[in-house]
Amino acid sequence: TNNACMTCHSTDGSRLVGPTWQNLYGKERPLESGETVVADEEYLRESIVEPGAKIAQGYPPSMVAYDQLSDSEINSLIAYIKSMSENEE
């Protein structure tokens, strides 16, 4: 909330400026480069602090770097994103 993440990312699967966080963790993500990556902790961390490194297919490269977040804040955000995938299936 403090960093306005929900302005661009949904938690219910709806499409916004950035990819939804619902069922994101652990899934394969197609990238604009044609590559595919798994949305694991490493990918999520990189996407938060260096969002231009791997652009999700179909989304504009508009996210700014959140490198001002502490490791603890980033870990909490990743845990939150993971929690939206663990309860599915």
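The structure is a predicted model, in which local features need pLDDT of at least 70 and side-chain atom pairs count only at pLDDT 80 or more, while totals for chains, interfaces and linings use all residues. Residues are numbered from 1 along each chain as its sequence is written, and side-chain values use heavy atoms, with hydrogens and water left out.

**The core**

Begin by selecting Trp21, Leu24, Tyr43, Leu44, Ile48 and Ile81, the residues with the most contacts inside the largest nonpolar core, which has 18 residues. The largest share, five residues, comes from α2. Helices here are DSSP runs of H or I with at least four residues, strands are runs of E with at least two, and both are numbered from the N terminus. A nonpolar core is a set of buried Ala, Val, Leu, Ile, Met, Phe, Trp, Tyr and Cys residues joined through side-chain atoms within 4.5 Å. Buried means under 20% relative accessible area, exposed over 50%, and partly exposed in between (1.4 Å probe, protein chains only). In soluble globular proteins, nonpolar side chains tend to be buried together.

Next, select Leu44. Apart from its neighbours within four places in sequence, Leu44 is in contact (heavy atoms within 4.5 Å) with Leu24, Tyr25, Ala39, Ile78 and Ile81. The C-alpha atoms of Asn75 and Leu44 are separated by 9.7 Å, and the two are 31 residues apart along the chain. Asn75 counts as partly exposed because its relative accessibility is 40%.

**The pockets**

For the largest pocket, select His9, Pro19, Ser47, Pro51 and Met63, which lie nearest its centre among the 31 residues of the lining. Its volume is about 570 Å³. A pocket is an open set of points on a 1 Å grid over the protein atoms alone where a 1.4 Å probe fits, with protein on both sides within 12 Å along at least five of seven lines; lining residues have an atom within 4 Å of a point. Grid points are joined across faces, edges and corners, and a volume is the space filled by probe spheres set on the points. The largest share of this lining, four residues, comes from α1. By class, the lining of the largest pocket has 22 nonpolar, seven polar and two charged residues.

The second largest pocket holds about 250 Å³ of space. Its lining includes Thr1, Trp21, Tyr66, Glu73 and Tyr80.

**Single residues**

Move to Thr20, in the segment before β1 (28-30). Thr20 counts as buried because its relative accessibility is 17%. Its side chain forms a polar contact of 2.8 Å with the side chain of Ser10. The side chain of Thr20 also reaches the backbone nitrogen of Gln22 at 3.2 Å.

Finally, select Ala4 and Asn23. Most residues other than glycine have a negative phi. Ala4, however, has a positive phi near 60°, and Asn23 has a positive phi of about 55°. Ala4 is in the segment before β1, and Asn23 is found in the segment before β1. Ala4 counts as partly exposed because its relative accessibility is 40%; Asn23 counts as partly exposed because its value is 27%.

Methods:
Nonpolar A, V, L, I, M, F, W, Y, C, P; charged D, E, K, R; others polar. Polar contact = N/O pair within 3.5 Å; in protein donor to acceptor, adjacent residues only side chain to side chain.
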